[in-house]
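Get ready to select a few residues by number.

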Amino acid sequence: SHELPRGTKTRSLTQVPDSGGDPRPRGCCACRPLVVLVSECGMPTIADFFALSDRYLESAKALIEEGHYSTGYYLAGYSVECLLKALICKGVQPTEFPPRDTNKTHYTHSYETLLKTARLQDALRFDTSRFPILNGSYLVLKDWEPAELRYDPTATPEKKARDFVAAIDTPGGFPSWLKQRL
């Protein structure tokens, strides 16, 4: 857990019902509220995206272990997307994500578009040509597209979901490369 400066405003991103009707598996990290920083204009910050990335990956792993491969794969992809958006925050403003009306390239799920927006496309191309682990991880992750998964609970086989999470967890892989730039 990270210490927040005294007086920092926070908000909870998840609200968990007290009733027993919550469909998420017991013990799933998605059931715990996530407290994040609130910027002056209410936009997500670098810290928000970093925390969300960890939460999505943790939730994805729990879902995959419970046999929910498509949902786990779906959430794992958001883990990588959040790292890319944190890097956009770093490049555009020092702390927060730009409002929706400023630039449509910020509000996409396409890793390729987010890489361009963060001005990391050339660096990634150069580094993937030199580092096979980074290249292998990126090749597994690059084609994630949530629109294809959103309404199809059987879209992702177990092997694909597990390989995807393994590519995220690989030391020297694409997410590690992104984190080095934060």
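This short tour visits some charged pairs.

Residues are numbered from 1 along each chain as its sequence is written. This is a predicted model, where local features need pLDDT of at least 70, side-chain atom pairs count only at pLDDT 80 or more, and totals for chains, interfaces and linings use all residues, while side-chain values use heavy atoms, with hydrogens and water left out.

**Stop 1: the count.** The structure holds 9 salt bridges. A salt bridge is a side-chain nitrogen of Lys or Arg within 4 Å of a carboxyl oxygen of Asp or Glu.

**Stop 2: R162 and E65.** Select both. They form a salt bridge, and their closest N and O atoms are 2.8 Å apart. R162 lies in helix α6 (residues 158-169) and E65 in helix α1 (residues 46-65), so this pair ties together parts 97 residues apart in sequence. Helices (H or I, at least four residues) are DSSP runs, numbered from the N terminus.

Now show the surface. Is E65 buried or exposed? E65 is exposed, at 56% relative accessibility. R162 is partly exposed, at 32%. Buried means under 20% relative accessible area, exposed over 50%, and partly exposed in between (1.4 Å probe, protein chains only).

Stop 3: E158 is partly exposed, at 35%. Keep E65, E158 and R162 selected: salt bridges link them in a network.

**Stop 4: K142 and D143.** Select this pair next. Their salt bridge has its closest N and O atoms 3.2 Å apart. D143 is exposed, at 53%, whereas K142 is partly exposed, at 31%.

Definitions and conventions
Helices (H or I, at least four residues) and strands (E, at least two) are DSSP runs, numbered from the N terminus.
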